[in-house]
Amino acid sequence: MEQDGSRRRGRNETEEERADRMWTELIQEVRVAQMGVQILFGFLLTVVFTPTYEDLSGTDETIYIVTVVLGACATGALIGPVSLHRLVSGRRIKPQAVRWASRLTLLGLALLLVTTSSSLLLILRVATHDDYVPYLVAGVVCWYLLCWFGLPMWARYRHTTR
């Protein structure tokens with residue numbers, strides 16, 4: 001407790017200590033997202049080798065191709081922080097590396113959201129052929145946006161000192 005009774009905020013750490021802590025936290029977050037994108041991407045890569053692929057309509061084939069490319073981009077963005085760290089390690093630019101890795105991670109999450117959504121669109125189109133599929137997918141996209149971005153941004157706004 002401070003003498004004036006106010007609660008101390010933040011940590012007493014140097015810029016390098018902060019960068020080390022933030023890097024560790026970021027890598028833990030990236031591990032979760034990498035696992036999801038790599039499993040999804042692996043499954044997407046196998047679809048083209050199944051007999052059902054031959055039966056896809058032109059639209060569904062286009063959705064599939066776009067989804068695979070998005071999955072590849074998401075994988076690249078989410079693995080990027082590891083490569084970035086390895087290539088700049090020991091160069092005394094960790095605070096800058098953390099900022100770039102954080103940006104790559106956010107880009108990767110956005111790409112993962114689009115990849116997952118387009119995968120869902122393709123699967124539901126093939127499975128149901130119903131007109132409600134785009135609405136269902138739009139609902140799931142809204143849910144992802146709320147969970148992945150809306151709630152965190154609200155918490156950031158609501159609980160961050162200005």
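This is a predicted model: local features need pLDDT of at least 70, side-chain atom pairs count only at pLDDT 80 or more; totals for chains, interfaces and linings use all residues.

Biologist: How many disulfides does a search of the whole structure find?

Modeller: A disulfide is a pair of cysteine sulfur atoms within 2.5 Å. By that criterion, the search of the whole structure finds zero. C142, for instance, is in no disulfide, and the nearest cysteine sulfur, that of C147, is 11 Å away. Residues are numbered from 1 along each chain as its sequence is written, and side-chain values use heavy atoms, with hydrogens and water left out.

Biologist: Is C142 buried or exposed?

Modeller: The terms rest on relative accessible area: buried is under 20%, exposed is over 50%, and partly exposed lies in between (1.4 Å probe, protein chains only). C142 is exposed, at 52% relative accessibility. C73 is partly exposed, with a relative accessible area of 39%.

Biologist: How is the span of a helix read, and what does helix 4 show?

Modeller: Helices here are DSSP runs of H or I with at least four residues, strands are runs of E with at least two, and both are numbered from the N terminus. The expected span of a helix is 1.5 Å times one less than its number of residues. Helix 4 comprises residues 133-159, which makes 27 residues, and it reaches 37 Å from its first C-alpha to its last, close to the 39 Å expected at 1.5 Å a residue.

Biologist: Where is the kink in helix 4 centred?

Modeller: A bend at a residue is the angle between axes fitted to the seven residues ending there and the seven starting there. In helix 4 there is a kink of about 45 degrees, centred on L146.

Biologist: Which residues of helix 4 are buried?

Modeller: They are V133, V137 and Y144. Contact means heavy atoms within 4.5 Å, and what covers these buried residues includes helix 3 (94-128).

Biologist: What does D60 touch?

Modeller: D60 is found in helix 2 and is buried, with a relative accessible area of 7%. Not counting residues up to four places away in sequence, D60 touches L122, R125 and V126.

Biologist: How many salt bridges are there?

Modeller: A salt bridge is a side-chain nitrogen of Lys or Arg within 4 Å of a carboxyl oxygen of Asp or Glu. By this rule the count is four. One of them joins the side chains of K94 and D20, at 2.9 Å from N to O. That pair links distant parts of the chain, with K94 in helix 3 and D20 in helix 1 (residues 15-47), 74 residues apart. K94 is partly exposed at 23%, and D20 is partly exposed at 36%.

Biologist: Which residues are linked in a network of salt bridges?

Modeller: The network links E13, R21 and E25. E13 and R21 meet at 2.7 Å, N to O, and R21 and E25 meet at 3.3 Å, N to O.

Biologist: Why are R21 and E25 separated by about one helical turn?

Modeller: An α-helix has 3.6 residues a turn, so residues three or four places apart point the same way. R21 and E25 are separated by about one turn because they are four residues apart in helix 1. In accessibility, R21 is partly exposed at 21%, as is E25 at 36%.

Biologist: Where does UniProt place the feature "transmembrane region"?

Modeller: UniProt positions are given in the numbering used here, feature names are shortened, and annotations may be inferred rather than shown by experiment. The unreviewed UniProt entry places this feature at residues 32-50, 62-84, 104-126 and 132-155. In the model, residues 32-50 are 84% helix and 0% strand, with end C-alpha atoms 28 Å apart. Residues 104-126 are 100% helix and 0% strand, and their end C-alpha atoms lie 32 Å apart.
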